[in-house]
Amino acid sequence: MDGLYLICVTSGSGLPVFTRSVGNVKQLPFPVIGSLNAVHMFAANHEAELKSTATEDARIVWKEFHDSLVLIAVHCGNGRVVDCELERLLDRTWAAMVLLYGLEELRQIRNVERFKREIKVCHPLIDTLLRRVELPVFSDVTGAVEGVLASEATALQNFLEAFVEAADTPYGCLLSHGRLVGATAKWWDLSATELVLLSLLGLSFSPCSCRDVPIYLPDKSPTVPHRLMTFKLMAHVEVWVICGPTPSLSQLEMEIARFWVAAVDTLHQVRQIHPRNFPASIDVDNNILGFILINAATHHSVTSVDVRREGKDSGELRGRREALREFYGSVWDSQMGGPVTEEASTDVKHTITDSYTVYSSHKCYAHICGNYQIFVLFSSKIPTYAMRNVCKKTLDAFVKDKSVMI
Amino acid sequence: MLQSQSPDDRENAAHHWLHCHEDEEQLASSNELRKKTKEIQKLLTERNQKLRQETKDSNDHDNGLERLSVHMERPRGEGENKTNAMSRPRTDRDRQFKQITFKPNYRSLTGNESSGVEICKKLFGITIFEYSNGKSRLSNMTKDRKLVVQGVLEGSESHASGKIHRGDMLVRINDVSVSWLNFTKLLCSLKKRERVKLTFQSPRIVGPKSSYSVLQVPEADLCLAVLGKRLSHIQSELSQLNCAAMFLTLVPSEAESNEMEDIIYAFPPGEERLLSLRGLFITLSSSLVDVVGQPAACSRLEVNNGTVNVVYRQCGKDVFVLAMPEDRISLGALSNVMDGLYSLLVLLHSDLKRAFNECERTWLDKLLAVVFHQSLGLQSALAPLPLLPLSETAITPCHVVKSLQLSSENKLICDEILSETESMDFDDYLEQKDLFARRKYTVNGTCLFYKDYLVCSHLAEDLQRDVNLYLNCHGLLILSSRQHVDQVMVWQELKSRSEQDVTSLPAGYQPCDSRFFLMVIGVRNYYLCVVLEAGSCSARVEGQARPLSLMLDQGRATLSQLETREVHMAACCEDSLTNTASSVSLACADHLVTVTTPRNRSASRGAHRPPLTPTKSTDNAYRGRSKSRDRLAAEEDKADDSSNTSVMRRQGSKLSYGSNDSAGSGSSAGPPKSKSSRMSSAADVSSITRSLSVMQIEMPHDFVRGERLSRGRENTLFTYVHLDFGEGVLISPTDTELKEVHSALQADVLHHFCQACENMRSQFIAKVSPGNLSLALLCVLFLLLFFECLNEDNKGHFCSVCFLMAPGASDKIKLKKNILKLTADTMTPFIHAGPFSIQQSFQIHIIPFCNLTKEIQLKPSEMVTYCQRAK
């Protein structure tokens, strides 16, 4: 049994609101859900908070939000997850619910039955969050929104700015294959959670030419809804804006042709970058199978598992993603990302900067330099001693290239 | 049918019978013949008695024991018997009724006795406890009281029967229920010359009965001896923290009468908060099976604004719970503690449930007090133990002790002395009667501890682990490291060895029915641990087994042999502990990261008083012995300090002296390094004298337990850990060595090192276990963490690397042959790239890290610690 459950129950009465699951797991019967909630309530009644429980293979994490809902994540099967990973998942789930439903209504649930019906709007996004390894992006673990590095980005930025001004809003971004090509300054100001959730929201949408979705930004305006309008410029290329009550969808749709026709060629070029996700001007070592490069300050990241456009099948690519995720989780959660204990007595900080792991079929290397973090997946052919050098050179290549902004 | 016998007769009988085949000439006389037949008769009856005694004992044992505890009384009833499938089968009656038939001794009655008590005493030799002074016997209070036996007179029939004990209750005389009201009347009405049947009832017994165990410590209080605090004090300290140990059982919901019924044991007694959550623990441990198919292993709670880790251990329907706060002990370490306690209880009582039912509560309280105190890092009231910079509890589970390497001659002496004990060659001390009898015990193995180090061991691995476990959990090693332990004596039965599970043994193999005992004797700072076996080739011991005073004396004599004039074992041990010159030399992190504030700079310059002459050159700042340096690196870095160049030039001139000098701070050049060398040269003058001895003979390698620590040209060894789970030994720098290099930064570095090791090991265990299906893709071979230590202006920093290699990899890489190649492979990433200068070479310390898990046998895997200096 290998899978992940996400269970939501109301806080006071313990009524199950929804249960989402992924993986080949059986449906959880009601008494089991009840018992899971019961232990949490029992602890709460005795002024303790049950945070997590683990068995040999499984892990259960509880979290209560605003005294109104309790989210429970149950992960079973092989694959080691740490508590913080599941807690992050719960936080994101809550944020997802706020995004699509609004904080006020979540805080005070008057009619549970109605709430159960209405919260179904969040299910696609939550399912996307649960998919984890199946996702083509790593945003859910890294906490940074993914983008493509394109030298044409600056050119497209002008188009975007113009369009966004016409939409009478400061928030706008341009996406290619679900990854950010460019965004307005205010868009970058959104918090990491919001950025990540919005990009995942994009993944959860079914393809359509334009849509108008009411959203509540979990950090900026959890109670005041905005409208997220997405427009498809061409296949896999979309432009998004977050607006207030005006303009309406149809109005803005008419403006698209005016603003974006001139950019068609550029957009074609940008679209071609996928799945490599960074321009040809940056050269990387032959042995690199994939990488994750994160700028922790701006919450921007670039990832790729198909660096040389080898045209591998999806199974292979999925394997690479899984390997990268595994490596990221093992290194970041347990070691590098842990709380740095500042020793007051010493002036020096003793922190982890590099780590590598050699697996039977590949090798991985992680390097942190200032705000940048790079996690590289190498084939087995690379000699171990060369990994660090290659990694650092790659990072330098990305950071120092003036044509792209990471 | 019992006959009255005097105890002396019995003794004589045994004594004589054993010798009767010797005294052949005495057999000639008919007197002797008659005597002999009488003796044999007595012997037979005595054997009869013994047999009955045994059956009575086993009966008592079957009935189990009860704890008379004020708070937690556990009523035994039929229903409970059914639910406790794990417990031994109990009889239906709560207590045993014994019926003894006597021929009363009417001759002693004088007819003047007024009270039934006196009559009873004279007739049967049984003294009944009188609640009052006998005057107000018929008051309401005493009316309901039972007739309890206070004592049995020696030489009377009751004593000879051996069945009546203090505490038994007289319930019936001749099948007539007796109470205080009719006691005297009944007794008076007994017909003479008739046998009287008395029925007694055994009481609920407090204390262990089925096994005899001794834990003798100075001041008769384990807590006081080991920690300097009384149990109550420790308990009150513990109740401030959120910690608890509980043994809980699942109570069927109908029996809700007594709220505390589900607690079989709880510690510390003042703990309320976690105890109130016990329903949570029980539910989690039992209900998770429905959810995920496995019982709960651990949990995390937020209590009182602090996180508490909880670990569980199932035992049928019961669960053993340990909870400790997160800020004092990590989850991994807590699991280690749980494993240790569980193993100890199973070792001593062969079953967790039996352990909690049968053991002495006070012992358990004290044991847990010591364990909690150690785990939670509370401060002992006695001479504070040196603060270990390594949090070794994280890495080392409870069955691991530090081991001490002695020189081969000393080791031989210890071995010889131990072997003498094991041979049990003490005929001279045996009594005549025992001389030709089967020996009572045989020695299975011995081991010797000095202070808290294992010096010499003749035990099998698993027995050694058990002994280590016992000593660690009880804190006896802490005791011996601090003071003389002349009063320590331990005698314990190792029940889990005595009652081995037959199903786990190969088919057709019948294990001997033997019992194992552990005897620990303390003399001065030594412990002699002896594992004895009764059964197989020695005489079987039934019922309570007591230690032979002969064995105890022999043990003490053994230990005293270690302190004769020729053999000064204590001095030798102390020497190897404190003499840091001959062992691997460590470095202090502070010396590497120099603080380049002007103030310090001047200070360091000022400290450059002792000139660095070639002969008196200190060992380099890192106190690592090194070969001649590579000067290329030095020249590349431009010194910004004139005195620096002078130092370097001087060192350059030293090079001309030949290859065989321990150059001064000849490692990778750079201002910080030489500054630190000056600082260190002032700081530890002792290293100068040491370097003198080192200088002449350049020992290029350190040896740790026979394994070579290969070194390269420049390196700094902060610490090393060799952990052999299989044997239960740990090798690390001694306390003295660690103290020399102790500093805040050092502690920080080592703390991270430990944490990293722990993390990596847990990842390895998780990944390399066979049940993991995604292994094919993600088999971890190497895992490395590279720490970088920066000070404020990034001027001086060093890097430490912590590296773990899985066992399978060693085959592929042929580690033994190509150590250097391997190190080059793994470490040269850090040479050729980045801020490190090209020509630096690295020293690798490869330490075997044995890892023996239960499911899989892994071959030794390597753990490498390595430190490298960078600009």
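This is a predicted model: local features need pLDDT of at least 70, side-chain atom pairs count only at pLDDT 80 or more; totals for chains, interfaces and linings use all residues.
Strand β17 (residues 515-523) of chain B is largely enclosed by the rest of the structure, because 9 of its 9 residues are buried. In a regular strand the side chains alternate between the two faces of the sheet. Accordingly, R515(B), F517(B), M519(B), I521(B) and V523(B) point one way from β17(B), whereas F516(B), L518(B), V520(B) and G522(B) point the other way, and the residues of both sets are buried.

In chain A, an open sheet is formed by 5 strands in the order β8-β7-β11-β10-β9, with antiparallel pairing. Strands β8 (179-183) and β9 (210-217) of chain A each have a single partner strand and stand at the edges, so one side of each is left without a neighbour in the sheet. From one strand to the next, the twist averages 30°. Strand β7 (residues 171-176) of chain A is joined to the antiparallel β8(A) by 4 bridges, and L175(A) stands opposite L180(A) of β8(A). Across β7, β8 and β11 (237-243) of chain A lies helix α7 (residues 153-166), which runs at about 70° to β8(A).

The loop between β6 (145-146) and α7 of chain A contains G147(A), which counts as buried because it has 28 C-beta neighbours inside 10 Å. Leaving aside residues up to four places away in sequence, G147(A) touches R179(A), L180(A), V181(A), H300(A) and V302(A). Although G147(A) and T303(A) are 156 residues apart along the chain, their C-alpha atoms are separated by 7.8 Å.

In helix α5 (residues 123-131) of chain A, the buried residues are L125(A), I126(A), T128(A), L129(A) and L130(A). These buried residues of α5(A) pack against elements of chain A that include both strands, β1 (2-10) and β2 (16-24), and helices, among them α2 (83-101) and α9 (192-204). Just after α5(A), R132(A) takes a positive phi of about 50°.

Conventions: Residues are numbered from 1 along each chain as its sequence is written. Chains are lettered from A and ligands numbered from 1 in the order in which they are written. Two strands pair if DSSP finds at least two bridges between them. Helices (H or I, at least four residues) and strands (E, at least two) are DSSP runs, numbered from the N terminus. Axes are lines fitted to C-alpha atoms, for helices over the stretch in contact, and angles run from 0 to 180 degrees between N-to-C directions. Two residues are in contact if their C-beta atoms, placed from the backbone, lie within 7 Å. A residue is buried if 20 or more other C-beta atoms lie within 10 Å of its own, exposed if 12 or fewer, and partly exposed in between; C-beta atoms are placed from the backbone.
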